[in-house]
Amino acid sequence: MERTPPRILVVIPAYQEERSIGGLVRTLREHYPCDILVVNDGSADRTSETAREAGAIVLDLPCNLGIGGAVQTGFQYARERGYDVVVRIDGDGQHEVDDIPKVLEPILAGQADAVIGSRFLGETEYRGSIPRIFGIRFFRLLVNLTTGYRVTDPTSGFFAINRSLIEFYSHHYPSDYPEVDAYILMHRLKARTVEVPVRMYERAEGKSSITAFRAVYYMVKVTLSFLINCLRRFG
């Protein structure tokens, strides 16, 4: 008997991305036979209209929830509609859509529950700011020491997860800069997690809000949240 192909949903959280979201959605539709969900995180521009015109499913949040809330909304949509895999990418052109098969392959082969795309494995052209690189190295050490996962890119927003993690994250997902916190949750669930090399670029549009002061602020904030999640109980 032929197996039913897995249902795959690409989730794109988007805030003020009207200049890049349309091209991204069209590229995804040309290359991959999967559904595309854009979660419009309270944008005041034409992000929502542009995504719909390009062929995406769009959920409009009534206000700006932040990246964690937008991504969790995507997980809730995937759970309610029975998707088997979610791929999460950014809406600003930083992630290379040609690398989506790399993050899907271990999950579709039943070898992993979560696959993280790392910009630091293999050859890379990524050049981040000094505060960003320092923060990534700090969180890499934090994750490695507390979970045992040997990660290279703990702040990557390019990943894929299977149905069990979709179910869990639809109820429990960190709200602010969630990628680092997600590792402790995966560790507590004993999820099989691997990294694969992917390409990432500087933002295609807009300007990053990461400054030296904000980098230090978020390092402290995320570290506290990370440690709380080490002790938190989940019902």
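This is a predicted model: local features need pLDDT of at least 70, side-chain atom pairs count only at pLDDT 80 or more; totals for chains, interfaces and linings use all residues.

Colleague: What makes up the protein chain in terms of helices and strands?

Modeller: The protein chain has 8 helices and 7 strands. Of its 235 residues, 51% are buried. Its accessible surface is about 12000 Å², and carbon and sulfur atoms hold 53% of that.

Colleague: Why is D90 called buried?

Modeller: The relative accessible area of D90 is 17%. Buried means under 20%, so D90 with its 17% is called buried.

Colleague: Where is D90 found, and which residues is it in contact with, leaving aside neighbours within four places in sequence?

Modeller: D90 is in the loop that runs between β4 (85–88) and α4 (100–108). With those neighbours set aside, D90 contacts I12, L24 and H95.

Colleague: How do you know how α5 is oriented relative to α7?

Modeller: Helix α5 (residues 130–147) packs with helix α7 (residues 178–188) at an angle of about 10°, and their axes are 10 Å apart. Angles under 35 degrees count as roughly parallel, so α5 is roughly parallel to α7.

Colleague: Which residues make the contact?

Modeller: From α5 they are F139, V143, T146 and T147, and from α7 they are V180, Y183, I184 and H187.

Colleague: How many residues of the contact of α5 with α7 are nonpolar, polar and charged?

Modeller: The contact of α5 with α7 has 5 nonpolar and 3 polar residues, and no charged ones.

Conventions: Residues are numbered from 1 along each chain as its sequence is written. Side-chain values use heavy atoms; hydrogens and water are left out. Helices (H or I, at least four residues) and strands (E, at least two) are DSSP runs, numbered from the N terminus. Buried means under 20% relative accessible area, exposed over 50%, partly exposed in between (1.4 Å probe, protein chains only). Contact means heavy atoms within 4.5 Å. Axes are lines fitted to C-alpha atoms, for helices over the stretch in contact, and angles run from 0 to 180 degrees between N-to-C directions. Angles under 35 degrees count as roughly parallel, over 145 as roughly antiparallel, 65 to 115 as roughly perpendicular and the rest as oblique. Ala, Val, Leu, Ile, Met, Phe, Trp, Tyr, Cys and Pro count as nonpolar, Asp, Glu, Lys and Arg as charged, and the others, Gly among them, as polar. Accessible areas come from the Shrake-Rupley method with a 1.4 Å probe; for residues, only the protein chains shown count as cover.
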